[in-house]
Amino acid sequence: MYVQERAMSPLLTTLIEFFTLCRNNTFARALLYSEVPTYFTWNTSTRTFQRRKQGRAVQGHQNLYSTDALGRLYTVHPNNAECFYVRLLLINVRGPTSFQELKTVNGHVCAMFREACQK
């Protein structure tokens, strides 16, 4: 029963919440996954991204600040193929809202992340 419950409501990870952030925030739609920590912080208790409250004001965006914060994007060995290609897409695709959108190229949903990288 536990496995089924977990599959139906997966843990909110930074990647899943990045997709949610991109769905709900037009500014985030212009960001790469690695750029999110510059403008948002990860709240571990609520497991959500929140706008930074200090730093340099972002011109044209009210209550949005940027810092030189670095995010962590884990390395993935190419032998772990699909994870490697997901990571490759995350450093090149701005503002995806889901895994499906991440592997969509020119309106075509690719079967595998590798295929999306190749296109």
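Trainee: Which residues are buried in helix H4 (residues 81-90)?

Mentor: This is a predicted model, so read every feature as belonging to a prediction. In H4, the buried residues are Tyr85, Val86, Leu89 and Leu90.

Trainee: Why do the buried residues of H4 line one face of the helix?

Mentor: The general idea is that an α-helix has 3.6 residues a turn, so residues three or four places apart point the same way. Here, looking down the axis of H4, the buried residues fall within an arc of 140 degrees, so they line one face.

Trainee: What covers the buried residues of H4?

Mentor: The cover includes three other helices: H2 (14-24), H5 (99-102) and H6 (113-118).

Trainee: How many residues does the largest nonpolar core have, and which have the most contacts inside it?

Mentor: In soluble globular proteins, nonpolar side chains tend to be buried together. In this model the largest nonpolar core has 24 residues, and Phe18 and Phe40 have the most contacts inside it. At least two residues of this core come from each of H2, H3, H4 and H6. H2 gives the most, with five residues.

Trainee: What does Phe18 touch, not counting residues up to four places away in sequence?

Mentor: With those sequence neighbours left out, Phe18 touches Leu31, Leu32, Tyr33, Val36, Phe49, Leu90, Gly95 and Pro96. Of these contacts, Leu90 is one of the buried residues of H4.

Trainee: How much space lies in the largest pocket?

Mentor: Rolling a probe the size of a water molecule over the atoms shows where empty space is left. In this case the largest pocket holds about 500 Å³ of space. It is lined by 20 residues, and the closest to its centre are Thr14, Tyr33, Arg72, Leu73 and Tyr74. Tyr33, listed here beside the pocket centre, is also among the contacts of Phe18.

Trainee: Which elements give two or more residues to the lining of the largest pocket?

Mentor: They are H2, helix H3 (36-39), strand E1 (40-43) and H4. The most comes from H4, with four residues.

Trainee: What is the make-up of the lining of the largest pocket by class?

Mentor: The lining has 14 nonpolar, four polar and two charged residues.

Trainee: Is Ser66 buried or exposed?

Mentor: Buried means under 20% relative accessible area. Ser66 has 10% relative accessibility, so Ser66 counts as buried. The residue is found in strand E4 (residues 65-66). Leaving out residues up to four places away in sequence, Ser66 touches Thr38, Tyr39, Gln54, Gly55, Arg56 and Val58.

Trainee: What is phi of Arg47?

Mentor: Most residues other than glycine have a negative phi, and most peptide bonds are trans. Arg47 has a positive phi, near 55 degrees, and is not a glycine. Arg47 sits in the loop between E1 and strand E2 (48-51). At 28% relative accessibility, Arg47 is partly exposed.

Trainee: What is phi of Asn63, and where does Asn63 lie?

Mentor: Phi of Asn63 is positive, about 60 degrees, although Asn63 is not a glycine. Asn63 lies in the loop between strand E3 (56-57) and E4. Its relative accessibility is 52%, so Asn63 counts as exposed.

Trainee: Where does Thr75 lie, and is Thr75 buried or exposed?

Mentor: Thr75 is in the loop between E4 and H4. With a relative accessible area of 73%, Thr75 is exposed. Thr75 and Arg29 are 46 residues apart along the chain, and 24 Å separates their C-alpha atoms.

Methods. Residues are numbered from 1 along each chain as its sequence is written. This is a predicted model: local features need pLDDT of at least 70, side-chain atom pairs count only at pLDDT 80 or more; totals for chains, interfaces and linings use all residues. Side-chain values use heavy atoms; hydrogens and water are left out. Buried means under 20% relative accessible area, exposed over 50%, partly exposed in between (1.4 Å probe, protein chains only). The arc is that of the directions from the helix axis to the C-beta atoms. Contact means heavy atoms within 4.5 Å. On a 1 Å grid over the protein atoms alone, a cavity is a set of points where a 1.4 Å probe fits but cannot get out, and a pocket is an open set with protein on both sides within 12 Å along at least five of seven lines; lining residues have an atom within 4 Å of a point. Grid points are joined across faces, edges and corners, and a volume is the space filled by probe spheres set on the points. Ala, Val, Leu, Ile, Met, Phe, Trp, Tyr, Cys and Pro count as nonpolar, Asp, Glu, Lys and Arg as charged, and the others, Gly among them, as polar. A nonpolar core is a set of buried Ala, Val, Leu, Ile, Met, Phe, Trp, Tyr and Cys residues joined through side-chain atoms within 4.5 Å.
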